[in-house]
Amino acid sequence: GLFLAGRALRPIERLTQTARAIHPGDLGRRVGYVGPMDEIGRLAATLDDMLARLEAGFVRERRFAADAAHELRTPLAALKGRIGVTLSRPRLPADYVAALMEMEAQVDKLGRLSDDLLLMARLSADGQRPAWEPIVLADFLPVVLDVARPLADAKEIELTLDAPTGLLVHSHLDWLTRLLLNLLDNAIKYTPAGGRVALSARQTAGAVEIAVGGSGPGAAPRPLPHLFERFYRADHDRARASGGAGLGLALAQEIARLHDGRLSVSSELGRGSTFIVCLPDVHS
């Protein structure tokens with residue numbers, strides 16, 4: 001009896017030893033159970049799946065921290081360098097004004113990045129979902145479009161709206177505004193001067209779709225799966241003066257997820273991109 005019990009419990013002992021040997025710096029280890037998929041086999045497979053998810057989560061968080069540090073360091077280095085150059089010798093009052101205006105732009109960039117980081121942390125935390133309220137899109141979307149209009153006017157971009165009456169969604173007003181402004185800002189940023197950005201909404205089966213499309217250059221299929229990653233920017237966009245920190249689309253996707261909805265994109269080189277937010281409607 002002791003022999004049979006020891007033989008039956010030996011795989012569990014190996015599972016225990018493997019679990020004890022795993023620490024945060026070595027999440028790549030796996031149980032690697034070889035044997036029949038009985039209760040013990042299923043338990044070992046479940047542990048391996050859990051370890052894989054934990055490892056992926058730790059990798060994402062380490063990369064996020066590194067990317068955040070890099071994005072914060074860039075404007076700080078620019079500020080430090082500009083201050084050093086300005087103080088290196090006496091200058092005319094107009095030179096000091098120009099330097100202060102340049103530094104103010106860097107401070108504004110730091111402020112926007114800090115706000116985005118705080119919102120991302122708040123959205124990712126548990127228990128942060130506020131009470132939803134019904135929002136009439138025919139009244140709400142024109143207001144959002146007016147907020148984005150100064151950015152479009154600066155590039156002579158035409159803004160169009162197609163939102164039929166009667167469309168309702170359950171949402172948080174500030175979060176839905178942030179989601180759509182991020183999409184509009186992205187569309188305006190990558191639409192050439194004189195182009196067009198369209199905002200539209202329509203009813204589908206059990207959901208409401210809000211689309212933001214621009215007549216920009218579009219994107220190749222290869223980077224599309226990465227567009228919603230935090231701090232992701234295509235290589236050719238990193239040197240653009242208009243390039244952001246790469247958090248806008250990630251925030252938009254997180255807000256859509258908290259609405260039990262989804263955010264998707266379709267794009268074609270030379271024909272622009274369209275981002276579609278699919279949200280449950282009030283009656284679904």
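Me: Which residues form a nonpolar patch on the surface here?
Reply: Met-50, Leu-54 and Phe-58 do, with about 240 Å² of accessible area together. Patches take residues with over 30% relative accessible area and no salt bridge, joining like charges within 9 Å and nonpolar side chains (Val, Leu, Ile, Met, Phe, Trp, Tyr) within 5 Å. A salt bridge is a side-chain nitrogen of Lys or Arg within 4 Å of a carboxyl oxygen of Asp or Glu. Areas come from the Shrake-Rupley method with a 1.4 Å probe, and for residues only the protein chains shown count as cover.

Me: Where do these numbers come from?
Reply: This is a predicted model, where local features need pLDDT of at least 70 and side-chain atom pairs count only at pLDDT 80 or more, while totals for chains, interfaces and linings use all residues. Residues are numbered from 1 along each chain as its sequence is written, and side-chain values use heavy atoms, leaving out hydrogens and water.

Me: Ok, which helix is Leu-54 in?
Reply: Helix α2, residues 39-87; helices are DSSP runs of H or I, at least four residues, numbered from the N terminus.

Me: And why does Leu-54 count as partly exposed?
Reply: Because its relative accessibility is 38%, and partly exposed lies between buried (under 20%) and exposed (over 50%), with a 1.4 Å probe and protein chains only.

Me: New topic: is Asn-182 buried or exposed?
Reply: Buried, at 15% relative accessibility. Asn-182 sits in helix α5 and, beyond neighbours within four places in sequence, is in contact (heavy atoms within 4.5 Å) with Gly-248, Leu-251 and Ala-252.

Methods
Helices (H or I, at least four residues) and strands (E, at least two) are DSSP runs, numbered from the N terminus.
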